[in-house]
Amino acid sequence: MKNNRVQMITRTAMLLALAVVFQNLKLVIGIGPHTQFIVGSLVNAVLIVAVGMVNVYAGIIIAAVTPIVAFLQQHIPNVLPMMIVVVGVGNALIVIVYSILRNKNEILAVVAGAIVKFVFLFYAVRKVLAIAQGSIPEKAFAKISAGLSLGFSWPQLVTALMGGFLAILVLRYLKKAIN
């Protein structure tokens, strides 16, 4: 029992470290339109792999920490720290939905998780922007609003799907390698 707990903690820590490394790929590949698709897909893959290799709680831990890293890297505007919670909940939703449905159908689990995450982020970001509108100078708000509105729309669905399908492949390989 104790060895199993140590193994779960170790795997969670390794997957969290991998997610942070993926988030730092922005330093290597630069920031451009392609960056969100590469980094976002890889982080989503780690979230799903965490569920498959450890458990839903490991996925939720990683889901909660990755937006903090994004905030510290200034990929979430510093004037909207509440976006940390929004992104964390979006990440947790894909983890939870995948965890619930994966034993029925892995592909359905990925698609449903991606859709739930996308819909939540799409509407939650608009709500956060509506709340923050009066507290940020108009010119800065316009720029932040445009960036967040685009970044948290259809690209979230694409990166969640790509990451989820990559995770299915990784999980199949890892499970074969372990057995």
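These legends describe close-up views of a predicted model.

**View 1. Helix α3 crosses helix α8.** Helix α3 spans residues 33–53, and helix α8 spans residues 154–178. Their axes come within 6 Å. The crossing angle is roughly 45 degrees, and that makes α3 oblique to α8. The crossing is right-handed. Residues of the contact between α3 and α8 divide into 17 nonpolar, nine polar and one charged.

**View 2. S41 lies in helix α3.** Is S41 buried or exposed? S41 has a relative accessible area of 6%. Buried means under 20%, so S41 counts as buried. Leaving out residues up to four places away in sequence, S41 touches Q36, T159, M162 and G163.

**View 3. The largest nonpolar core holds 34 residues.** Which residues touch the most other members of this core? They are L15, I62 and Y98. Six helices each supply at least two residues: α1 (2–23), α3, α4 (56–72), α5 (82–101), α6 (106–132) and α8. Helix α3 gives the largest share, 11 residues.

**View 4. Y98 is a member of the largest nonpolar core.** Neighbours within four places in sequence are set aside here. Y98 is then in contact with I48, V51, E106, A109, V110 and L171.

How values were computed:
Residues numbered from 1 in each chain as written. Predicted model: local features only at pLDDT ≥ 70, side-chain atom pairs only at ≥ 80, totals over all residues. Heavy atoms only, no water. Axes fitted to C-alpha atoms, helices over the stretch in contact; angles between N-to-C directions. Helix = DSSP H or I, 4+ residues; strand = E, 2+ residues; numbered from the N terminus. Parallel < 35°, antiparallel > 145°, perpendicular 65-115°, else oblique. Left-handed = near helix turned anticlockwise from the far one by under 90°. Nonpolar A, V, L, I, M, F, W, Y, C, P; charged D, E, K, R; others polar. Buried < 20%, exposed > 50% of the residue type's maximum accessible area, 1.4 Å probe, protein only. Contact = heavy atoms within 4.5 Å. Core = buried A, V, L, I, M, F, W, Y, C linked by side-chain atoms within 4.5 Å.
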